[in-house]
Amino acid sequence: MSDSSTITTETAWRDWKKSCAVGRCSDLHAAQLRTFGSYRFSSGLRKCARPGLSLTSTAPANPADAWHMLEVHIYIGKTRKGKQCKDWLFERADQTTGDWITAIESGASLLFLEVVRDYLRRELPPARHVSLHESAGPSGDSALTLEDLLPQPEPPTSDLEEREWRVWATALALRLLDTLDKKSLRILYARSCGASLNDPRLAKALRASTSSIYATHRTTLDLIIAAVRRDLPDDPPAIHTHATARVVEALVEQLQSKKVLENWTSPCVKEV
Amino acid sequence: MNPSPSSTPSSLEAQRRLLAAWLHERHLDITLRDPAPPIPPATGLRYDRPPPATWSSPRPGSIHLLRPTPGPSSWGPVYVCLLEATPSGIRAAPFSRYAVPAVPGEVATELPHAPLRVLCLWNHHLIPAHRLMPQSVASWPARAWPAILAYHQHLAGKSPSPTPRKLHIGPPLIHPADPRHDYLEEERQRLHDHIHSPAALNHESPATIIAFDSIRPAWRLAAEGRPPYNPS
């Protein structure tokens with residue numbers, strides 16, 4: 001933000017708010033805003049570049065295009081009331097006790113993130129025909145595939161089968177309780193109760209950073225998935241998905257009934 | 001409570017394409033995020049203003065922008081669609097940041113504006129009038145609104161009948177390790193921050209405590225669509 005904060009001035013932003021579009025601002029103000037927009041847009045593209053894919057080559061050549069895309073993205077129709085996103089941006093900046101320019105550029109940067117994401121979504125869409133075995137992870141490194149995440153056309157289990165599933169899931173859950181540490185169980189329990197792993201109160205209660213909470217939750221689920229696959233090595237992914245969900249449910253039931261989490265859960269869940 | 005067959009993505013191939021598209025956008029979103037944008041603290045004093053005129057007669061189907069979140073937040077603008085007026089406030093559902101519905105509780109709106117492409121009915125919430133920007137930015141086309149409202153009531157358990165019109169909804173959420181769980185959590189947090197931040201409440205209320213009992217139904221709605229594995 002520091003290098004771009006010198007690009008724009010408050011008068012340029014006020015001019016834009018008063019005018020319908022940047023094209024109606026004075027040349028000086030329009031140039032400031034377009035340069036800022038171009039900088040933000042290119043910065044977003046660079047973040048998404050990866051080996052073998054030069055996203056900057058697909059970027060709009062004219063700096064004016066980035067700002068035009070912003071205006072197209074945020075305007076809901078052509079009337080004044082459809083341009084309230086401008087009011088949102090200025091109200092957000094007006095609330096600050098700090099530097100106004102920094103605040104409004106920060107807000108505009110948030111809007112540009114949406115513009116760039118939408119642009120890349122259109123320019124680099126996923127393949128039309130997607131394999132069921134496509135990784136569900138962002139860079140193909142996830143153990144889960146689309147097949148794991150989607151329900152398969154399997155017939156519903158009967159009551160008897162369901163009871164057998166429950167017995168099996170509870171047995172595996174009890175084994176997992178011995179291997180998983182308390183922090184992992186607490187995080188799993190918090191998530192199952194609908195708590196946000198991003199909640200600072202959870203981080204405080206666990207004395208852990210948000211990123212480590214997410215990582216621990218991920219690792220815990222990976223351990224459960226691995227345990228399920230070990231127990232049911234010859235079954236298809238649909239059964240693994242069903243079994244994993246059952247084991248997580250059984251684990252949470254165990255945590256509730258046996259009070260494995262001692263006195264931690266009640267006050268923490270109430271607080272978070 | 002499960003979505004009607006008429007509104008579920010028709011085939012595994014359709015679900016697969018939707019999910020792949022959603023995961024693609026999600027990956028872009030995470031890649032683009034700044035670690036921590038420097039935003040100065042807010043005073044919150046500007047929130048001390050009267051409710052907009054629309055408060056007295058909220059019109060279901062009108063679309064509003066929520067006032068910006070004060071404090072060190074990195075949320076962009078949040079648009080909401082007013083669903084109904086209740087004695088305790090206006091019930092509204094936010095629009096998603098993404099272009100593709102993630103779960104059965106999200107509906108592709110087919111509205112032509114980028115921020116209004118997906119409505120998150122699962123995330124409906126009572127919103128105080130003073131959190132809305134003064135004017136509505138748009139309204140739902142009259143012919144399309146009944147189907148949305150019917151699906152909302154269907155999700156809320158008020159209407160057992162299937163939706164009258166085929167809606168484009170997201171694929172079912174069945175796996176505990178599905179990345180959409182994180183997204184749902186973020187969306188819930190995003191709306192919560194806009195409604196419940198101390199400055200947004202004009203310092204009249206203490207820091208909010210999330211009542212889990214009130215959250216769980218919404219999560220169940222979001223995660224519904226698991227009939228093959230959840231026989232009654």
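In chain A, helix H4 passes helix H5 in a right-handed crossing (the near helix is turned clockwise from the far one by less than a right angle). This is a predicted model: local features need pLDDT of at least 70, side-chain atom pairs count only at pLDDT 80 or more, and totals for chains, interfaces and linings use all residues. Residues are numbered from 1 along each chain as its sequence is written, with chains lettered from A and ligands numbered from 1 in the order in which they are written.

**Stop 1: the helix pair**

Select residues 84-94 and 100-123 of chain A, helices H4 and H5. Helices are DSSP runs of H or I, at least four residues; strands are runs of E, at least two; both are numbered from the N terminus. The two axes, lines fitted to C-alpha atoms over the stretch in contact, come within 8 Å and cross at roughly 140°.

Now show A:Leu89, A:Arg92 and A:Ala93, which meet residues of H5(A) including A:Trp100 and A:Ile104. Contact means C-beta atoms, placed from the backbone, within 7 Å.

**Stop 2: the sheet**

Move to chain B, with four helices and eight strands. Five strands form an open antiparallel sheet, ordered S6-S3-S2-S1-S7. Strands pair if DSSP finds at least two bridges between them. S6 (125-127) and S7 (138-139) of chain B are the edges, each pairing on one side only.

Zoom to S1 (residues 62-65) and S2 (residues 79-86) of chain B: three bridges join them. Here B:Ile63 stands opposite B:Cys81.

Key. Axes fitted to C-alpha atoms, helices over the stretch in contact; angles between N-to-C directions. Contact = placed C-beta atoms within 7 Å.
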